[in-house]
Amino acid sequence: MTKNRLFPDYIFESSWEVCNKVGGIYTVLSTQAKTLQNVMQDHVFFIGPQFSNQSVNPCFQEDDSLFSSWKEEIAKQGLHVKTGRWLVPGEPITFLVDFQSYFEIKNQLYGRLWNLFRVDSLHSYGDYDEASMFSYASGLVVETFYKFYLNEKDKVVFHGNEWMSGFGLLYIHYKVPSIATLFTTHATSIGRSIAGNNKPLYAYLSNYNGDQMATELNIQSKHSVEKQTAKYVDCFTTVSDITARECKELLDKPVDVVLPNGFEDGFVPSDPLFTTKRDAARKKILDVANALLGTSFDNQTLIISTSGRYEFRNKGIDEFIEVMNRLRKGSELSRPILAFIDVPDWVSEPRKDLIDRLKGGRKEKFPLEKPYLTHWLHNMDDDRIIGMMNYLNFHNIGNDQVKLIFVPCYLNGHDGIFNMTYYDLILGNDLCIYPSYYEPWGYTPLESIAFKVPCITTDLAGFGLWVNKELGRYGEIEDGVKVVHRTDFNYFDVADSIMNTVQKYSQMTKSQVNSCRRKAGKLSQKALWSRFFAYYREAYDFALRKAQDRNETRSDWDLRI
């Protein structure tokens, strides 16, 4: 059956995060691009948003010569597109579409969407409108390109990511039925919202009514477009088994294929560069911490971090702080711990007093003001991370063996304090902890083990479930990944389990630690895109066959008429 699978001649892939680094989907698509480009040879086209206030996009290299005749033609229709290359491995052809003009006809478009697909846009607000206008414009890009260059003999797939792509997928389904549509929800809007509002998601999942909960949580429009898109596309997918269950219960539509998220290991340096970069990362981390704290932590310090999007409960940031507090208060540690929360927040500026200390090079013996924060924030008094640290009196003073530092910026190499990228800094960690409550996949733990940094995650993360499936049992830290059992109600048990694992790891010999690191790196090799792309082949085949059957039926009907 595998040999007879249909495979597209052309793929269009649309996402709000194409050339727009705002979340985990950027990582999914930007690392997948090389594999797609290797297979498709410039027959894959990514579609992302062009923002009116952004004259230069650092992720995008414009090339006016690409498809110039098509661009001239569609410009006459008011559709303006920049063509070029996404500056990621593989450098795929990318279209950035200007969607601002479509706000003028927003209500007419929403009315049409309701009439055709019963998508409720009546309660739209904020990012729903912006995403929908982009998605509609993306559909126009696919439609016009197809009609200009291609025809029904070409096998074409239009792949949209997240609810933000729903409008465009439904538009193509209606306007160009010969194109196969594929929709991936990386996390359902309603599931994320239930979890983010401190409601127990998993214990009552089978009892929740998605439509009712969307009304209660005021996300009717996002939920509606996501649910109807899942219903009408040719192939509906998600990224893990745990989210597949969520889709079935909350969207009333089982997924057709599960597409786990892989990665490219080209960004992981080989020895001896790996060792050189790890040493540089550790030095930078220790220098910043010592300057902030007025301490003299050395290379024997256990460096730990968590990272990801600022979702306090969903990402387990609260759990991470709880664990560090327990370790601080009475655990048996053979080494001091420096723990970092690398989570972007509403940054005002990098701390000038910290910059001055780092430039001066003098080792001060007293901490700076608020010695738990590397950048000043606009919303200091309302920040939940700082609020929990204040509640626990976690201020990094005294002789505590555990110091906790909040790094509230994007580690893009230009943050003003570290001035190193996330991938360069993660190398310096000894251990990473991601105690997620809601995590459809979990890129951060996968990235961690790719850099041979053992990690702790939970079985409420798709990645954690994947690890357990690969091992045939729950992962232990000796495997490179410790997978902790988490439910709606065992918050403190999870904290104890993670605390015990950190204690255990801190007491391991050098050879035991090296074994953990080797196994972590080896496990990551099982999640390469070259392995996971087989699932995409299955999804493309599923979508193309569905479109093929639809078009054959339509042709037969035309003949009868």
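This dialogue walks through several features of a predicted model and how to read them.

Colleague: What should I keep in mind before I start reading the numbers?

Modeller: This is a predicted model, in which local features need pLDDT of at least 70 and side-chain atom pairs count only at pLDDT 80 or more, while totals for chains, interfaces and linings use all residues. Residues are numbered from 1 along each chain as its sequence is written, and side-chain values use heavy atoms, with hydrogens and water left out.

Colleague: Which residues of helix α2 are buried?

Modeller: An α-helix has 3.6 residues a turn, so residues three or four places apart point the same way. Helices are DSSP runs of H or I with at least four residues, strands are runs of E with at least two, and both are numbered from the N terminus. Buried means under 20% relative accessible area, exposed means over 50%, and partly exposed lies in between, using a 1.4 Å probe and protein chains only. In α2, which spans residues 68–75, the buried residues are Trp-70, Lys-71 and Ile-74. Seen down the axis of α2, these buried residues fall within an arc of 100°, so they line one face of the helix; the arc is that of the directions from the helix axis to the C-beta atoms.

Colleague: What covers the buried residues of α2?

Modeller: The cover includes the strands β4 (80–86) and β5 (93–98) and the helix α4 (127–149), where contact means heavy atoms within 4.5 Å.

Colleague: Which residues touch the most other members of the largest nonpolar core?

Modeller: A nonpolar core is a set of buried Ala, Val, Leu, Ile, Met, Phe, Trp, Tyr and Cys residues joined through side-chain atoms within 4.5 Å. The largest one has 82 residues, and Trp-86 and Phe-340 touch the most other members. Leaving aside residues up to four places away in sequence, the contacts of Trp-86 include Val-18, Tyr-26, Leu-29, Phe-46 and Pro-92. Apart from this core lies another, of 53 residues, among them Tyr-102, Tyr-128, Ala-137 and Leu-169.

Colleague: How many cavities of 30 Å³ or more does a search of the whole structure find?

Modeller: Rolling a probe the size of a water molecule over the atoms shows where empty space is left. On a 1 Å grid over the protein atoms alone, a cavity is a set of points where a 1.4 Å probe fits but cannot get out, whereas a pocket is an open set with protein on both sides within 12 Å along at least five of seven lines, and lining residues have an atom within 4 Å of a point. The search finds four such cavities, and the largest cavity has a volume of about 110 Å³. Its lining includes Ile-285, Phe-340, Asp-342 and Tyr-422, and α14 (422–426) gives the most, with three residues. By class, this lining has nine nonpolar, two polar and one charged residues.

Colleague: How much space lies in the second largest pocket?

Modeller: About 530 Å³ of space lies there, and of the 16 residues that line this pocket, the closest to its centre are Arg-278, Asp-430, Lys-510, Val-513 and Asn-514. The helix α10 (273–293) supplies the largest share of the lining, five residues. The lining divides into three nonpolar, four polar and nine charged residues.

How values were computed:
Grid points are joined across faces, edges and corners, and a volume is the space filled by probe spheres set on the points. Ala, Val, Leu, Ile, Met, Phe, Trp, Tyr, Cys and Pro count as nonpolar, Asp, Glu, Lys and Arg as charged, and the others, Gly among them, as polar.
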